[in-house]
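These notebook entries follow my reading of a structure that I had not examined before. I set down what I looked up, entry by entry.

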Amino acid sequence: MTIYALSSGPGISGIAVIRISGKHTAKIIKYLTGKEPPKPRIATLRKINKINTSELIDEGLILWFPGPESYTGEDMAEIQVHGSKSVVDALHSSLSEVENCRLADPGEFTKLAFQNGKINLIKAESIADLIASETEIQRQQAIKIMNGKSSDQFNFLREKLLKILSHVEAKIDFPDEDLPNDILDEIKNSSHEVIIKIKKILNDQRVGERIREGFKIAILGPTNAGKSSLMNYLSDRDVAIVSEIAGTTRDVIETHLNIDGYPVIVSDTAGIRDSRDEIEKKGIKLSLKRAEEADLKLVVIDAKSTDFSDILNGLLDENAILVINKSDLLEKDISPKIKKLNHVLISIKQNKNIEELILKIKNNLKNKFIKSDDILITRERHRQHLQQCLNHLNNFNQKKAIEDFDKAAEDLRLATRHLGMIVGKVDVEEILDSIFNDFCIGK
Ligand SMILES: Nc1nc2c(ncn2[C@@H]2O[C@H](COP(=O)(O)OP(=O)(O)O)[C@@H](O)[C@H]2O)c(=O)[nH]1
Ligand SMILES: [Mg+2]
């Protein structure tokens with residue numbers, strides 16, 4: 001099967017790039033241009049006709065990449081034409097007429113690259129991350145991992161485990177031979193070393209995932225405190241409805257922001273109060289769930305409020321900032337009970353003191369995103385395999401007696417397998433689809 005797809009972005013552009021991959025690629029170029037493929041990897045201007053006619057679609061550059069020296073490892077071509085919808089449609093329609101040639105699925109080019117051994121799984125994921133990256137810090141993380149930063153580490157640990165495994169298996173194959181003491185020591189030291197390394201990798205405060213997915217800020221508090229107003233202020237546009245009618249916001253509203261280069265997802269939530277309205281109650285439940293998932297909570301209250309519910313009190317932990325809004329309405333001091341809590345007093349209406357709040361948010365972000373070269377995990381998938389690997393290694397380490405060698409070997413095999421699954425060194429068909437489905441078509 002030969003596949004094709006628009007690889008550049010949709011919409012009008014100066015140039016559009018259409019990729020073709022598969023064994024019919026050379027034949028397709030011939031159909032389209034009436035000529036043999038040009039010299040490999042040299043951009044060559046050709047007239048591109050509708051298939052089997054001499055009706056010109058456009059003039060464009062053809063790049064011919066004979067396999068296996070191509071992105072997918074198969075014969076490939078990239079056709080650069082003018083980036084209009086009609087040109088791209090005409091070319092697509094011609095390609096669809098070729099037998100055994102079809103539109104690519106999302107991520108299919110990269111999936112082929114993985115299946116043909118051109119890239120490993122981590123690299124495939126990081127290509128998706130690079131394409132999706134919106135901020136500088138996301139780009140930096142994706143490119144480092146694409147360059148093998150984490151694959152190298154995981155492969156290094158896996159090699160170590162394989163070496164231990166070979167010693168243990170030797171003991172199983174030749175049970176009468178005593179393993180020299182230094183080899184037993186080496187097994188112990190090596191497995192201990194791997195355990196310590198993995199623990200260190202896992203103990204990363206999930207910075208990699210936060211960078212990839214965005215740092216989650218939830219705006220919470222009672223109705224009418226100014227939560228939606230704050231959301232709109234932060235995002236510099238009207239994303240949420242602001243109204244004096246309590247209970248206006250019911251669904252969680254999300255917006256993606258770039259604060260000093262840090263990717264942030266802010267959610268505005270329904271005001272927390274006792275409500276009999278079923279829909280509002282559902283909204284309040286969602287708010288509390290957001291509060292649990294958030295990396296940082298902005299608990300907003302009205303400066304004139306005197307009571308402070310248990311729910312709100314429960315939200316104030318080290319990952320929360322208490323924001324007291326509507327300072328413009330204050331005639332006397334805020335209630336002493338609330339005043340003694342660490343807080344920022346603002347007025348969104350009069351634009352007062354909001355800079356201080358933003359500074360606090362930024363400092364919180366900076367502390368959570370502490371730059372470290374030790375960050376190797378960017379997805380829950382990595383974390384789970386690494387944790388499983390660690391569990392099996394711990395089991396392995398607990399087996400002491402010689403009779404346990406068989407079982408110990410099995411623990412090691414499972415540990416090695418989980419490390420391998422991160423990089424894609426074992427049969428991983430079942431996890432492939434979930435990874436490549438995240439891509440867009442043409443990648
Ligand atoms: N006086 C005053 N009113 C505000 C301030 N911030 C928001 N409001 C008003 O308070 C009401 C409720 O605001 P909203 O953002 O919808 O609150 P939410 O229910 O917490 O989302 C609206 O009428 C806003 O215009 C402020 O700083 N001072
Ligand atoms: Mg609201």
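**Entry 1. Conventions.** I noted that this is a predicted model, in which local features need pLDDT of at least 70 and side-chain atom pairs count only at pLDDT 80 or more, while totals for chains, interfaces and linings use all residues. Residues are numbered from 1 along each chain as its sequence is written, and chains are lettered from A and ligands numbered from 1 in the order in which they are written. Helices (H or I, at least four residues) and strands (E, at least two) are DSSP runs, numbered from the N terminus.

**Entry 2. Domains.** I looked up how the protein chain is divided, and found domain 1 (2-104), domain 2 (134-204 + 377-436) and domain 3 (211-368). These bounds come from an automatic or database domain assignment. The centres of domain 1 and domain 3, taken over C-alpha atoms, are separated by 52 Å.

**Entry 3. The sheet with β1 to β6.** I traced an open sheet of six strands with mixed pairing, in the order β3-β4-β5-β2-β1-β6. Because β3 (44-49) and β6 (101-103) stand at the edges with a single partner strand each, one side of each is left without a neighbour in the sheet. From one strand to the next, the twist averages 30°. Two strands pair if DSSP finds at least two bridges between them.

I then took the pairs in turn. β1 (residues 2-6) and β2 (residues 13-21) pair in the antiparallel sense over four bridges, and Tyr4 stands opposite Ile20 in β2. The hairpin of β1 and β2 has six residues between the strands, and there Gly11 takes a positive phi near 95°. β2 also pairs with β5 in the antiparallel sense, over eight bridges; Ala16 has Val81 in β5 as its bridge partner. β4 (residues 56-65) and β5 (residues 76-83) are antiparallel over five bridges, and Trp64 is bridged to Ala77 in β5.

**Entry 4. Backbone exceptions.** Most residues other than glycine have a negative phi, and most peptide bonds are trans. Which residues are joined by a cis peptide bond? I found Gly67 and Pro68, with omega about 0°. Pro68 is placed in the loop between β4 and β5. Asn100 is not a glycine, yet has a positive phi of about 60°; I located Asn100 in the loop between α2 (85-96) and β6.

**Entry 5. The sheet with β7 to β12.** I traced another open sheet of six strands, in the order β8-β9-β7-β10-β11-β12 and with mixed pairing. β8 (253-259) and β12 (343-345) each have a single partner strand at the edges, so one side of each lacks a neighbour in the sheet. Here the twist averages 25° from one strand to the next. β7 (residues 215-220) and β10 (residues 296-302) pair in the parallel sense over four bridges. Ala218 has Lys297 in β10 as its bridge partner.

**Entry 6. Helix packing.** For angles, axes are lines fitted to C-alpha atoms, for helices over the stretch in contact, and the angles run from 0 to 180 degrees between N-to-C directions. Angles over 145 degrees count as roughly antiparallel.

I found that the axes of α6 (residues 149-173) and α15 (residues 405-423) come within 9 Å and cross at roughly 160°; α6 and α15 are therefore roughly antiparallel. The residues of this contact divide into 16 nonpolar, four polar and five charged. The crossing of α6 and α15 is left-handed, a term used if the near helix is turned anticlockwise from the far one by less than a right angle.

α14 (residues 380-398) also packs with α15, at an angle of about 165° with the axes 8 Å apart, and α14 is therefore roughly antiparallel to α15.

Key
Parallel < 35°, antiparallel > 145°, perpendicular 65-115°, else oblique. Nonpolar A, V, L, I, M, F, W, Y, C, P; charged D, E, K, R; others polar.
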